[in-house]
Amino acid sequence: MSSGGGGNAVVRRVGNRAESLLRRARRSHQLAFVGLLALTVTVSSAALAMPSFIPTTVLVIPLLLGGLLLRFRPLVLLTLFAMVTGSYVVSERASGLPKTGFVLVLGVVAWIVLTGAKVRSRLGVQGSRGETMLMELRDTLTAQGELPVLPPGWRAEQAIRSAGGASFSGDFVVSTTRPDEVLEIALVDVSGKGIDAGTRALLLSGAFGGLLGVVPVEEFLPAANHYLRRQDWSDDFATVVHVAVDMHTGEFEVRTAGHPPAIQFDAWSGRWQTRDADGPLLGLVETPDFVVNRGQLKMGDALFLYSDGMVETPRRDIERGTDRLTGHAERLVATGFRGAALELVDEIGGPGDDSAIVVIHRKTNPSESPDCAVARPGFTTKMQRRKAAMLRYAR
């Protein structure tokens with residue numbers, strides 16, 4: 001009984017706290033509305049009393065502040081009040097002023113403010129909170145793609161660049177290391193580009209990241225396909241390349257779902273080999289069959305996962321793009337592929353499409369100092385991304 005009473009007391013305290021916060025929020029909105037009405041009256045009076053010093057355009061200030069502080073309905077009332085007040089002010093001032101033009105400009109500003117407030121009200125946010133939420137979502141998507149720390153002798157790098165330099169990308173990476181030291185990485189390409197695909201990428205990154213390392217390796221793509229079909233998206237799909245690498249032996253398995261094949265560099269022969277593992281696009285087939293391609297990374301070998309934005313453009317087919325990618329990567333063999341992901345995205349990635357690449361390298365010298373480059377979807381200059389690569393690293 002005492003335990004139940006204590007639990008009820010906690011519930012009551014939480015309820016009282018929530019009710020107190022709601023009352024405080026309502027009070028703050030009411031105070032903001034009253035304050036802005038007072039501000040409108042004040043600047044209007046000042047504009048009438050000192051027409052030579054205070055222009056009528058100061059009436060725009062309460063509207064702009066209202067767009068940041070008020071909900072939609074109070075903002076409508078403030079806008080109507082400001083329009084009436086502004087019309088009165090310009091009618092009382094000198095006849096030489098462009099009265100009609102000012103009222104029209106004030107009306108346009110009011111329309112812009114109300115339009116933005118209406119969109120935010122549909123999202124349930126106000127003011128600049130919507131922009132803050134978008135930045136938080138972008139950072140969440142980026143954080144989910146950070147590669148895990150690898151054991152000595154291994155290096156993993158990833159880089160993503162959004163089409164047009166937008167803040168969101170339809171390409172994303174999820175990764176984990178299983179308890180038996182099997183590294184799993186999935187590079188996903190959501191249909192669409194940039195911001196249009198960013199919201200779907202955020203949804204899928206959370207879901208796929210939750211599946212990775214939890215379900216058996218061979219069941220990841222079927223489970224991801226099942227999840228995508230449950231969303232009931234009419235014309236949206238995703239492509240995936242999924243790899244699992246044993247950090248002890250270097251043996252790996254690659255599976256793809258409508259995605260360009262992985263590429264392996266063989267350090268002993270100096271050759272590049274595509275690891276084809278054909279599979280259907282995620283979300284199109286109820287029970288797809290994903291073929292596995294098995295191989296091994298020996299000392300000095302590397303495995304490249306990439307999106308179609310790295311190899312395909314309207315003027316270049318995938319085969320030529322793949323040759324260009326491997327040709328440029330060939331120049332990085334001597335550096336041990338250090339910084340390869342960032343450089344390849346900068347130099348090879350198509351400007352009109354999201355581009356992403358993951359490089360997994362088994363070092364020739366396991367005692368070599370660890371380093372890793374991680375590029376956020378983005379929006380920084382090439383030099384800033386290179387500096388980020390030197391600051392953020394994983395073994």
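Helix 8 passes helix 9 in a right-handed crossing. A crossing counts as right-handed if the near helix is turned clockwise from the far one by less than a right angle, and as left-handed if anticlockwise. Helices (H or I, at least four residues) and strands (E, at least two) are DSSP runs, numbered from the N terminus. The model is predicted: local features need pLDDT of at least 70, side-chain atom pairs count only at pLDDT 80 or more, and totals for chains, interfaces and linings use all residues. Residues are numbered from 1 along each chain as its sequence is written, and side-chain values use heavy atoms, with hydrogens and water left out.

The axes of helix 8 (residues 318–330) and helix 9 (residues 340–348) come within 11 Å and cross at roughly 135 degrees. Helix 8 is therefore oblique to helix 9. Axes are lines fitted to C-alpha atoms, for helices over the stretch in contact, and angles run from 0 to 180 degrees between N-to-C directions. Angles under 35 degrees count as roughly parallel, over 145 as roughly antiparallel, 65 to 115 as roughly perpendicular and the rest as oblique.

From helix 8, Arg324, Leu325, His328 and Ala329 meet Glu343, Leu344, Glu347 and Ile348 of helix 9. Contact means heavy atoms within 4.5 Å. The residues of this contact divide into 4 nonpolar, 1 polar and 3 charged. Here Ala, Val, Leu, Ile, Met, Phe, Trp, Tyr, Cys and Pro count as nonpolar, Asp, Glu, Lys and Arg as charged, and the others, Gly among them, as polar. Helix 9 is mostly covered, with 7 of its 9 residues buried. Buried means under 20% relative accessible area, exposed over 50%, partly exposed in between (1.4 Å probe, protein chains only). The buried residues of helix 9 are Ala340, Ala341, Leu342, Leu344, Val345, Asp346 and Ile348.

In the protein there are 10 helices and 11 strands. An open sheet is formed by 5 strands in the order 2-3-4-5-8, with antiparallel pairing. Two strands pair if DSSP finds at least two bridges between them. Strand 2 (171–177) and strand 8 (293–296) are the edge strands, and each pairs on one side only. Neighbouring strands of this sheet are turned by 15 degrees against each other on average, direction ignored. Helix 7 (residues 220–230) packs on the sheet and touches strand 3, strand 4 and strand 5. The direction of helix 7 makes about 155 degrees with that of strand 4.

Strand 4 (residues 238–246) is largely enclosed by the rest of the structure, because 8 of its 9 residues are buried. Strand 3 (residues 182–190) runs antiparallel to strand 4, joined by 9 bridges. Val182 stands opposite Asp246 in strand 4. Strand 4 and strand 5 (residues 251–257) are also antiparallel, with 6 bridges. In strand 5, Arg255 is the bridge partner of His242, and Thr256 that of Val241. The hairpin of strand 4 and strand 5 has 4 residues between the strands, and Gly250 takes a positive phi near 85 degrees there.

Ala244 lies in strand 4. Ala244 is buried, with a relative accessible area of 7%. Leaving aside neighbours within four places in sequence, Ala244 is in contact with Val182, Leu183, Glu184, Val217, Glu251, Phe252 and Glu253. Ala244 and Thr176 are 68 residues apart in sequence and 9.7 Å apart in space, C-alpha to C-alpha.

Across the protein, buried residues make up 45% of the 395 residues. Of the contacts with a separation of 6 or more, 70% involve residues 24 or more positions apart.
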